[in-house]
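Here is a quick tour for anyone meeting this protein for the first time. Have a look at the sequence and the model, and then we'll walk through some of the details.

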Amino acid sequence: MQQVMSEQEGRERIREQRRADRRAATAFFEACKSGDADLLYKAADLLSNESVTGWTIAVRKIAREVSQVGPDVQSAFLSVWIQTQVLPLKVGDHGALCTAARVLMPPYRGPSVRLYRGASDSERRRRIYGISWTSDIKTAEKFAEECSQFDEGSVLLETIAPPEAIVCDIG
């Protein structure tokens, strides 16, 4: 026999999930502020595996309240960024993510660069482009091809990005 959750039980589960999301976001924030890379990895794991909106909460808090972190945190966050792969989708707040990324990632120090992005046609029409670009045209073409399978088409974008527009060189 299937059990039906009461409305009260449903509300309590939602409240508990929100509390868990805030705890995970706070742990990430505190790890960034303290400079503890090990704590950052643990908090990122909580955010990725046991949280629904925690990444959004954490990134918004970083964007609002943190102006710099140490190189250990930057290195650790870069690793988290690469491993997570879909962090922009989990965060869902492009502006906050861009602001936080400028703090959490090692800064770019170099010249202007020709960059490419494989994107959906709807991304191009909205003119809201994702944060990840590449200097390798083949990589961008691969992403454009993948986007065409899920959307009304895809495009290959190209730009000459000035140094101040580049957040980090993941290399």
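A polar contact is a pair of N or O atoms within 3.5 Å; within protein, one of them must be able to donate a hydrogen and the other to accept it, and residues adjacent in sequence count only if both atoms are side-chain atoms. With that in hand, take Ser120 and Ser122: their side chains are joined by a polar contact of 3.1 Å.

A word on the ground rules. What you see is a predicted model, where local features need pLDDT of at least 70 and side-chain atom pairs count only at pLDDT 80 or more, while totals for chains, interfaces and linings use all residues. Residues are numbered from 1 along each chain as its sequence is written, and side-chain values use heavy atoms, with hydrogens and water left out.

**The overall picture**

The protein has 8 helices and 2 strands; these are DSSP runs numbered from the N terminus, with helices (H or I) of at least four residues and strands (E) of at least two. Reading from the N terminus, the order is α-α-α-α-α-α-β-α-α-β. The C-alpha trace spans about 55 × 45 × 25 Å along its principal axes. Of the 171 residues, 35% are buried, where buried means under 20% relative accessible area, exposed means over 50% and partly exposed is in between (1.4 Å probe, protein chains only). A contact means heavy atoms within 4.5 Å, and among contacts with a separation of 6 or more, 72% are between residues 24 or more positions apart.

**The core**

A nonpolar core is a set of buried Ala, Val, Leu, Ile, Met, Phe, Trp, Tyr and Cys residues joined through side-chain atoms within 4.5 Å. The largest one here has 34 residues, and Phe28, Trp55 and Leu104 touch the most other members. Helices H1, H2, H3, H4, H5 and H6 each supply at least two residues of this core. Which residues does Phe28 contact, leaving aside neighbours within four places in sequence? They are Leu40, Ala43, Ala44, Leu47, Trp55, Ala58, Ile62, Phe77 and Leu104.

Two packed helices are described by the angle between their axes and the distance between the axes. The axes are lines fitted to C-alpha atoms, for helices over the stretch in contact, and angles run from 0 to 180 degrees between N-to-C directions.

| Helix pair | Angle | Axis distance |
|---|---|---|
| H2 and H4 | about 30° | 9 Å |
| H4 and H6 | about 130° | 9 Å |

Angles under 35 degrees count as roughly parallel, over 145 as roughly antiparallel, 65 to 115 as roughly perpendicular and the rest as oblique. So H2 and H4 are roughly parallel, whereas H4 and H6 are oblique to each other. In the second pair, Val73, Gln74, Phe77 and Trp81 of H4 meet Leu97, Val103 and Leu104 of H6.

Is Thr84 buried or exposed? It's buried, at a relative accessible area of 14%. A polar atom of the Thr84 side chain lies 2.7 Å from the backbone oxygen of Val80, and Thr84 also contacts Ser48 and Lys90, leaving aside neighbours within four places in sequence.

**Back to Ser120**

Ser120 belongs to strand E1, residues 113-120, and is buried at 13% relative accessible area. Not counting residues up to four places away in sequence, Cys147 touches Ser120 along with Gly118, Ala119, Gly153 and Ser154. Cys147 itself is in helix H8, residues 137-148, and is partly exposed at 23%.
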